[in-house]
Amino acid sequence: MSDVHRSIPHVVALLQHPSDGRVLTVRHQPHSWHSPGLLTVVGGRLEVDEFFDEGAAREFTEETGILIAPDRLEFCRLVHLHAAHGERVTGVVFLTRQWEGEPFNREPGTHSELVWADPADPPGDCHPFTRELLRHFDAGLRYANVVAPELSGGGECP
């Protein structure tokens, strides 16, 4: 069935600061194979036997050290991402505005820093998917089709 569309399931976790609405992003190391030097939202591929909310909670912990129960995550949106090189990703996005503890860079080999970004005006060095995801989030859209250009040096989805 070669005509069947296949999409890789990803989970995205938006940690929104309650005082100013900024969203936590991570900057990838310059030598990273994935989005070198660019800001991305917290997220990744769904693991085997994981529900979407469990995957989003796991990504929070893995990347920022924040512990949050899956039932405290709010479904935010669904995105269908198309990369120029052919990868197709279905992204289930969750949001939280309440957490305990202070986020920190828990993956220093992968990320160089955490950055709070304004979704209404994403930094210029965001991965194209991240920039579009933040803009759609700011606009309140519950679903988005996003096509991003090929990146030099790696362009896998955030």
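Biologist: Why does phenylalanine 75 count as partly exposed?

Modeller: In this predicted model, phenylalanine 75 has 37% relative accessibility. Buried needs under 20% and exposed needs over 50%, so at 37% phenylalanine 75 falls in between and counts as partly exposed.

Biologist: What makes phenylalanine 94 count as buried?

Modeller: The relative accessibility of phenylalanine 94 is 8%. That is under the 20% cut-off, so phenylalanine 94 counts as buried.

Biologist: How many aromatic pairs does the structure hold?

Modeller: There are two aromatic pairs. One of them joins phenylalanine 75 and phenylalanine 94.

Biologist: Why is the pair of phenylalanine 75 and phenylalanine 94 called edge-to-face?

Modeller: The ring centres are 6.3 Å apart, within the 6.5 Å limit, so the two residues pair. The planes stand at 80 degrees, over the 60 that edge-to-face requires, and therefore the pair gets that name.

Biologist: Which parts of the chain does the pair link?

Modeller: Phenylalanine 75 is in strand β4 and phenylalanine 94 in strand β5, 19 residues apart.

Biologist: What makes the pair of tryptophan 99 and tryptophan 116 stacked?

Modeller: Their centres lie 6.1 Å apart, with 25 degrees between the planes. Tryptophan 99 sits in the loop between β5 and β6, whereas tryptophan 116 belongs to strand β6. At 24% relative accessibility, tryptophan 116 is partly exposed.

Biologist: Which residues touch the most other members of the largest nonpolar core?

Modeller: Leu14, Val93 and Leu133 do, in a core of 22 residues. At least two residues of this core come from each of β1, β3, β4, β5, β6, α2 and β7.

Biologist: What is leucine 133 in contact with, leaving aside its neighbours within four places in sequence?

Modeller: Leucine 133 contacts Val12, Leu14, Val41, Val79 and Val93. Another core, of 14 residues, lies apart from the largest one and includes Val42, Ile68, Val92 and Phe94.

Biologist: How many helices and strands are there in the protein?

Modeller: The protein has two helices and seven strands. From the N terminus their order is β-β-β-α-β-β-β-α-β.

Biologist: How do you know that the protein is as compact as a globular protein of that length?

Modeller: Its radius of gyration is 15 Å, close to the 15 Å that the globule rule gives for 158 residues, so the protein is as compact as a globular protein of that length. The C-alpha trace spans about 45 × 35 × 30 Å along its principal axes, and buried residues make up 47% of the 158 residues.

Note on methods:
Residues are numbered from 1 along each chain as its sequence is written. This is a predicted model: local features need pLDDT of at least 70, side-chain atom pairs count only at pLDDT 80 or more; totals for chains, interfaces and linings use all residues. Side-chain values use heavy atoms; hydrogens and water are left out. Rings of Phe, Tyr and Trp (its six-membered ring) pair if their centres lie within 6.5 Å; planes under 30 degrees apart count as stacked, over 60 as edge-to-face and the rest as tilted. Helices (H or I, at least four residues) and strands (E, at least two) are DSSP runs, numbered from the N terminus. Buried means under 20% relative accessible area, exposed over 50%, partly exposed in between (1.4 Å probe, protein chains only). A nonpolar core is a set of buried Ala, Val, Leu, Ile, Met, Phe, Trp, Tyr and Cys residues joined through side-chain atoms within 4.5 Å. Contact means heavy atoms within 4.5 Å. The radius of gyration is taken over C-alpha atoms; the globule rule is 2.2 Å times the number of residues to the power 0.38.
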